[in-house]
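Hello,

Here is the structure I promised to hand over. Please look through it first; my notes follow below.

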Amino acid sequence: MASTSQCIASLARLSLSASIKPANATIPRFLAPSVVQTRWKSAEKEKMKRAKKQSRFKEYKYATPSQEERHSLCDAMRYLRAAEVGRPPSSVTYELALKIRTPKSSPVLRNRIRLPYPVKNDTQIAVICKEGSGAMHDARAGGAVAFGEDSLFEIIRANPNKLPFNRLICHVDSEPALKKANLGRILGPKGLMPSIKTNTITRSVKTLMHEMVGAENYRERVGAIRMPIGNIQFTPNQLAANVKALVTMVKENIANMEDRVKKDLVEVVLTSTNGPGFSLNGFFNSTDEKVQPAHLSTAM
């Protein structure tokens with residue numbers, strides 16, 4: 001049997017010997033705590049994906065229909081009239097969508113057009129002008145529902161949600177008074193704030209009022225211009241005149257912007273309030289010889 005001193009000596013040797021370190025256990029990445037995982041790689045990947053997507057879609061994309069998928073004006077009217085059977089004619093309108101190939105960051109097309117056959121004649125115009133001026137006389141003679149400066153500003157402030165007009169123009173001499181009145185928060189969201197950009201600040205109130213009666217504003221949104229083009233009771237000739245006028249003006253607007261940005265009109269689509277859309281091929285007569293324009297000119 002070993003003595004006490006021998007036992008103590010053997011224990012001392014064991015304590016002085018190098019301790020054996022356990023091997024590092026490899027833990028799968030998905031089992032490691034979220035704090036330990038490095039997230040900078042995933043953030044970098046998302047950033048690269050976003051940049052790649054933005055560089056890939058710099059323009060609005062549209063599916064270009066084939067010639068077989070396009071229709072003449074009379075054919076499109078025929079199908080849309082069939083889709084609107086049973087609905088009150090006064091509540092149904094034709095609408096035109098002009099699809100434009102354009103860069104997303106480019107200036108938008110906007111203008112005002114007076115169609116050969118106006119869709120609606122409910123234009124109520126108010127004129128901001130100096131009291132007792134010639135512009136005020138022109139506004140009264142032209143049938144403006146309200147005119148003046150301070151008196152008109154009071155009407156706007158008193159009933160911001162029930163304005164007696166749906167068009168507002170301003171004479172150039174009253175532009176400082178308009179800016180001083182601070183009505184942008186009321187008129188801006190309604191699209192009524194006069195500005196040079198929207199051609200609603202003028203030197204000739206009489207001329208502008210004549211242009212605005214029966215005129216419609218249009219603006220490019222998300223690569224397309226959409227606006228009512230006629231009532232469901234319009235004849236094919238009336239609708240064709242309106243379509244031609246709008247397409248011609250938009251092409252002129254595109255040509256005027258050629259030095260700044262390249263835009264192309266790629267498709268013209270005719271639809272109605274409750275009907276589908278039909279891409280137009282530029283022809284007038286129906287493909288069915290039995291269907292004549294006179295058949296589409298009668299009441300529904």
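Helix α5 (residues 150-158) lies across β4, β5 and β6 (167-171). α5 runs at about 130° to β5. Axes are lines fitted to C-alpha atoms, for helices over the stretch in contact (heavy atoms within 4.5 Å), and angles run from 0 to 180 degrees between N-to-C directions. Helices (H or I, at least four residues) and strands (E, at least two) are DSSP runs, numbered from the N terminus.

This is a predicted model: local features need pLDDT of at least 70, side-chain atom pairs count only at pLDDT 80 or more, and totals for chains, interfaces and linings use all residues. Residues are numbered from 1 along each chain as its sequence is written, and side-chain values use heavy atoms, with hydrogens and water left out.

Now the sheet. It is open, has four strands in the order β5-β4-β6-β7, and its pairing is parallel. Strands pair if DSSP finds at least two bridges between them. β5 (146-148) and β7 (201-202) stand at the edges with a single partner strand each, so one side of each has no neighbour in the sheet. Three bridges join β4 (residues 125-128) to β5. Ala126 stands opposite Ala146 in β5.

Next, where the lining of the largest pocket comes from. β8 gives the largest share, five residues. At least three residues come from each of domain 1 (73-120 + 216-296) and domain 2 (125-212); the bounds come from an automatic or database domain assignment.

Best wishes
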